[in-house]
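Hi,

Here is the structure I said I'd pass on.

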Amino acid sequence: YERDPDGEIRTYPLPGDIRPKGGINAIGTFNGHLFATHSEFGIARWDRNRPGEEGELIFPEITSRRKTTRAIEIRGDLLVFASGAHIYCAKISDDGPPTKFVSSVESPITCLALCEKSLFAGTENGAIVGWKLDAPDQPVVLVRKRDPIVNIRLAKISGIPQLFYSTRDL
């Protein structure tokens with residue numbers, strides 16, 4: 001759902017008979033499209049100018065084989081999402097296959113954050129993994145906690161990049 005400029009609610013139904021438990025995990029927008037993730041259906045895409053029309057599932061060959069599909073970030077025309085223990089990056093303007101960022105931690109991704117040259121992910125088993133965007137096969141474990149990482153945010157404080165995260169053990 002979203003509100004239009006007049007305050008009316010627009011709906012964007014899932015395709016077919018999909019009725020997931022709970023709500024959407026994450027949502028992003030790009031160039032008139034709306035993208036959303038949920039572990040039961042994967043990733044759906046809608047045309048924001050056509051409320052009421054069913055969305056279409058994208059990358060089902062990746063998401064249908066995983067227990068979880070969570071998190072979504074959009075930077076420029078780069079769509080970044082987590083499915084299972086890995087992260088995938090795809091150019092929205094290209095129909096090619098996404099690049100797989102291989103995780104060294106075999107635990108589902110719970111959240112992610114993206115900056116100009118790097119990508120970070122929190123996991124169910126309490127790890128934070130990082131990659132350079134040009135090195136998807138070279139993960140680095142940055143943090144290990146005992147409880148799941150539930151949120152990651154990037155910020156600059158006095159010009160110095162910072163990574164903030166939260167866990168359930170707080």
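Four strands form an open sheet in the order β11-β12-β13-β14, with antiparallel pairing. Keep in mind that this is a predicted model. The edges of the sheet are β11 and β14 (140–144), and each has a single partner strand, so one side of each has no neighbour in the sheet. From one strand to the next, the twist averages 20°. If you want to check the pairing of β13 with β14, look for 4 bridges in the antiparallel sense. A handy place to start is G130, which stands opposite V140 in β14.

There's another open sheet of 4 strands, in the order β3-β4-β5-β6, and its pairing is antiparallel too. Between β4 and β5 (residues 42–47), which run antiparallel, I get 6 bridges. One to look up is H38, whose bridge partner in β5 is G42.

While you're in β4 (residues 33–38), click on T37, which belongs to that strand. Is T37 buried or exposed? T37 counts as buried because its relative accessibility is 0%, and the cut-off for buried is under 20%. Leaving out residues up to four places away in sequence, T37 touches I24, N25, A26, G42, I43, T69, R70, A71 and I72.

Now for the nonpolar side chains. In soluble globular proteins, these tend to be buried together. The largest nonpolar core in this model has 15 residues, and the members touching the most others are V80, A82, I87, F101, L112, L119 and W131. Which elements give two or more residues to this core? They are β8 (78–83), β9 (86–91), β11 (109–114), β12 (118–123) and β13 (127–132). Another core, of 12 residues, lies apart from it and includes I43, I58, F59 and I92.

Cheers

How values were computed
Residues numbered from 1 in each chain as written. Predicted model: local features only at pLDDT ≥ 70, side-chain atom pairs only at ≥ 80, totals over all residues. Heavy atoms only, no water. Core = buried A, V, L, I, M, F, W, Y, C linked by side-chain atoms within 4.5 Å. Buried < 20%, exposed > 50% of the residue type's maximum accessible area, 1.4 Å probe, protein only. Contact = heavy atoms within 4.5 Å. Pairing = 2+ DSSP bridges. Axes fitted to C-alpha atoms, helices over the stretch in contact; angles between N-to-C directions.
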